[in-house]
Amino acid sequence: MMLPTHALVGLAIALPVSVAFPEFASLCLFSGLFGGVFPDFDLYIGHRKTLHFPVYYSVLSLLVIPAAVLVQTPWIIGITIALVAATVHSVMDIFGGGLELRPWEATSERAVYNHFHDHWIAPRRWVRYDGAPEDLLLSLSIAGPLLFVVEGRFLWIVVGALAVSVSYVVLRRTLATIAETLVENFLKKMLPDSLLAYLPARYVR
Ligand SMILES: [Zn+2]
């Protein structure tokens, strides 16, 4: 799924906790947002492998949730929300498309790397690709309740995520062509092979 969807899911995970602990609601929402987007910081460095850990994040979450329920300090609650949001992100990507540049062609069998079993998990394609119309529908349905409950800067983040979602869905296929043109016509001619080696495989034909 696209990054704004993950950001909104992270906020939605944090929402009930932020309502239960209004004294540190901002920390809860920030933790959810951060955990929701964190795995995609690996976009250009081993995407869906370097920071996506569907098994390990799940195990860590299961260990930390009881501690958060018992202790209830801001730190442990914040860390727990971030971990749960990163877990949900890593697992959600399995139900999206593959890792190829044009995921709507459905040619890649790589969705998310499973470090525990040391193999790639195949994409389920419930959401065919990041930026698909059904991805936008998911974003809108999660953003709906958030728009009525969150306030201040988090409300603006929700509105911003929706604006980015709509633009991304409209431009998704064009962006793939632009990326390919950029790589073929400029980067491949300008960069030495030693640097081109760092380019993610999906951009190199
Ligand atoms: Zn991801």
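Which residues does Asp130 touch, not counting residues up to four places away in sequence? In this predicted model, in which residues are numbered from 1 along each chain as its sequence is written, local features need pLDDT of at least 70 and side-chain atom pairs count only at pLDDT 80 or more, while totals for chains, interfaces and linings use all residues. Side-chain values use heavy atoms, with hydrogens and water left out. With contact defined as heavy atoms within 4.5 Å, Asp130 touches Met1, Met2, Pro103, Asp135, Tyr168 and Arg172.

Asp130 is found in the loop between β2 and α5, where helices (H or I, at least four residues) and strands (E, at least two) are DSSP runs numbered from the N terminus. At 13% relative accessibility Asp130 counts as buried, the classes being buried under 20% relative accessible area, exposed over 50% and partly exposed in between, with a 1.4 Å probe and protein chains only. The C-alpha atoms of Asp130 and Gly97 are separated by 6.8 Å, although the two residues are 33 residues apart along the chain. Arg128 has its place in the loop between β2 (119–121) and α5 (133–149), and with a relative accessible area of 39% Arg128 is partly exposed. Not counting residues up to four places away in sequence, Arg128 touches Gly96, Gly97, Pro103, Pro133 and Glu134. Arg128 and Met1 lie 8.8 Å apart in space, C-alpha to C-alpha, and 127 residues apart in sequence.

The zinc ion is coordinated by Asp40 (OD), His52 (NE2), His89 (NE2) and Asp93 (OD), at 2.0 to 2.2 Å. Donors here are N, O and S atoms within 2.8 Å of the metal (3.2 Å for Na, K and Ca), and water is not among the atoms, so sites may look incomplete. In sequence the donor residues are spaced D-x11-H-x36-H-x3-D. The pair Asp40 and His52 links distant parts of the chain, both residues being placed in the loop between α2 (25–37) and α3 (54–71), twelve residues apart. Both Asp40 and His52 are buried. The angles among the four donor atoms of the zinc ion run from 90 to 165°, and the site is irregular. Four donors count as tetrahedral if all angles lie between 85 and 135 degrees, four count as square planar and six as octahedral if opposite donors are over 155 degrees apart and all others between 65 and 115, and anything else is irregular. For reference, ideal angles at a metal are 109.5 degrees for four tetrahedral donors, and 90 or 180 degrees for six octahedral ones.

Helix packing was described with axes that are lines fitted to C-alpha atoms, for helices over the stretch in contact, and with angles that run from 0 to 180 degrees between N-to-C directions. The axes of α2 and helix α4 (residues 74–92) come within 7 Å and cross at roughly 30°. That crossing makes α2 roughly parallel to α4, given that angles under 35 degrees count as roughly parallel, over 145 as roughly antiparallel, 65 to 115 as roughly perpendicular and the rest as oblique. α2 passes α4 in a right-handed crossing; a crossing is left-handed if the near helix is turned anticlockwise from the far one by less than a right angle, and right-handed if clockwise. In this contact, residues of α2 including Leu27, Cys28, Gly32 and Gly36 meet residues of α4 including Ile77, Ile81, Ala85 and His89.

The axes of α2 and α6 come within 10 Å and cross at roughly 25°, which makes α2 roughly parallel to α6. The crossing of α2 and α6 is left-handed, and the contact is made by Ser26, Leu29, Phe30 and Leu33 of α2 and Arg153, Phe154 and Ile157 of α6. α5 and helix α6 (residues 152–190) pack at an angle of about 165°, with their axes 10 Å apart, and are therefore roughly antiparallel to each other. α5 passes α6 in a left-handed crossing, with a contact in which Leu136, Leu140 and Leu147 are among the residues of α5, and Leu155, Val159 and Val166 among those of α6.

Two residues other than glycine have positive phi values: Ala106, with a phi of about 50°, and Asp118, with a phi near 60°.
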